[in-house]
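Hi everyone, thanks for making time for this one. I'd like to walk you through a single structure, so please have a look at it while I talk.

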Amino acid sequence: LRQQAITALTSTSTTEETRAWHSEYLGRKGRLTGILRSVGAVSPEERPRIGKLANEIKTALEEALQERQTAIEQAELEAARNKELIDVTLPGRPQTLGKMHPSTRTLREIADIFATMGFLVYDSPEVETDEYNFQLLNMPPGHPARDLWDTFYTTTPDVVLRTHTSPGQIHAMRQYAPEPIRIILPGKCYRYEQVTARSESMFYQVEGLAVGKNITFSDLKGTFMNYASQMYGEGRKMRFRKHYFPFTEPSVEVDIDCVICGGKGCNICKYTGWLEILGAGMVNPRVLEYGGYDPAEYSGFAFGLGPDRMTMQKYDINDIRYFFSNDVRFLERIG
Ligand code: FA5
């Protein structure tokens, strides 16, 4: 039995196999254990000899097992180490570099251009009260012009997601009045809109506001001509259309010729060949007053640009929904 057990042990090569070997020979129901138990059955003369022999075998087997187990553990450890070994001669994996989102690029470009004309960047909240989003912009409760903006109301009374960046005008005026100001105010706006290739329910606007003495409509026009020539190069076609906003008087909308269709008409420019990029006008005297300026002394102009549509023009993107689609391929294509 001893010889047989030792041979079997030599052929084990994993911890599991040695365990199985242990239960076969030395376990509670093992073969050697069986012999040890039956020692009591042999004649009293034979008993000491047999018992001694069986115990010797037991000790020998236990020692052999211990030795085998140590050897196997060593081998297993070595194998694991080799498996995890790092081959320092392999070439490294290339790192993929992130790219700036086209909207961010446009926003920075706009900020740089207006900085050349002395406009500072001003930050204001995306969640507003009804008072700031409407009332202080000359739209008291029930004013029909509120319908120009499909508003996301919240479960908190009087709290809305801003539908435009214009409420920031009031925050800025109240902070700086009666000092003259020249600011731009970039940020996200929210509208409960039918989402299409040209309209999203979350989009960017860049508000602009200049307040001071003797500011006229010519300043507004001049600022825009300068902006357009820096953004699009000299000679880009632009048109001013009369419009209505409750917070400006007079008000205009400004279009540029659509490059996506080359002025022929496409769904982005509503088949007109022109793309509306902003609303603007002279700040309504009542709004100046709400902001803390005396309209007899001060005047100002304000505008609200839609940078997403400008980005679409610039990078030839035919659907606004790509902007927040989280598709890396979009960023890669633009890069
Ligand atoms: C306004 O929101 C006014 N607050 C702009 C303004 C500011 C006028 C200051 C006068 C003085 P309007 O709703 O037209 O106006 O939006 C302005 C621009 O935002 C649009 O010309 C368009 O370029 C962009 N825009 C509006 N709605 C969306 C939309 N759903 N998706 C993408 N861009 C939009």
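Some ground rules before that. This is a predicted model, so local features need pLDDT of at least 70 and side-chain atom pairs count only at pLDDT 80 or more, while totals for chains, interfaces and linings use all residues. Residues are numbered from 1 along each chain as its sequence is written, and side-chain values use heavy atoms, with hydrogens and water left out.

Let's start with the whole protein. There are 11 helices and nine strands; helices (H or I, at least four residues) and strands (E, at least two) are DSSP runs, numbered from the N terminus. How does the radius of gyration compare with that of a compact globule of 335 residues? The globule would be near 20 Å, and our protein has 41 Å. That radius is taken over C-alpha atoms, and the globule rule is 2.2 Å times the number of residues to the power 0.38. Along the principal axes, the C-alpha trace spans about 130 × 45 × 35 Å.

Of the 335 residues, 43% are buried. For us, buried means under 20% relative accessible area, exposed means over 50%, and partly exposed is in between, with a 1.4 Å probe and protein chains only. Now to contacts, meaning heavy atoms within 4.5 Å. Among those with a separation of 6 or more, 67% are between residues 24 or more positions apart.

The accessible surface comes to about 19,000 Å², and carbon and sulfur atoms hold 52% of that. Those areas come from the Shrake-Rupley method with a 1.4 Å probe, and for residues only the protein chains shown count as cover.

On to the aromatics. A pair of aromatic rings is described by the distance of the centres and the angle of the planes. Rings of Phe, Tyr and Trp (its six-membered ring) pair here if their centres lie within 6.5 Å; planes under 30 degrees apart count as stacked, over 60 as edge-to-face and the rest as tilted. The structure holds 15 such pairs. One of them is Tyr122 with Tyr176, an edge-to-face pair at 6.2 Å centre to centre with 65 degrees between the planes. This pair links distant parts of the chain, 54 residues apart: Tyr122 sits in the loop between strand 1 (120-121) and strand 2 (127-129), and Tyr176 is in helix 7 (residues 167-176). Tyr122 counts as buried because its relative accessibility is 10%, whereas Tyr176, at 30%, is partly exposed.

For contrast, take Phe245 and Phe247. Their ring centres are 5.6 Å apart and their planes are at 25 degrees, so this pair is stacked. Phe245 is buried at 11% relative accessibility, and Phe247 is buried at 6%. There is also a cluster joined by ring pairs, made of Phe114, Phe119, Phe224, Tyr227, Phe301 and Phe303.

Next, the backbone. Most residues other than glycine have a negative phi, and most peptide bonds are trans. Which bonds are cis here? One runs from Ala177 to Pro178, with omega near 5 degrees, and Pro178 lies in the loop between helix 7 and strand 4 (181-190). Another is from Glu249 to Pro250, with omega near -5 degrees; Pro250 belongs to strand 7 (residues 248-257).

As for phi, Tyr271 is not a glycine, yet its phi is positive at about 60 degrees. You'll find Tyr271 in the loop between strand 7 and strand 8 (274-283), exposed at 61%. Asp316 also has a positive phi, about 55 degrees, in the loop between helix 10 (307-315) and helix 11 (328-334).

Val283 is in strand 8 and is buried at 6% relative accessibility. What does Val283 touch, not counting residues up to four places away in sequence? Its contacts are Leu209, Phe247, Thr248, Leu288, Gly300, Phe301 and Ala302.

Pro295 is in the loop between helix 9 (285-291) and strand 9 (299-305), and is partly exposed at 28%. Beyond its neighbours within four places in sequence, Pro295 contacts Pro285, Leu288 and Glu289.

Thanks, and I'm happy to take questions.
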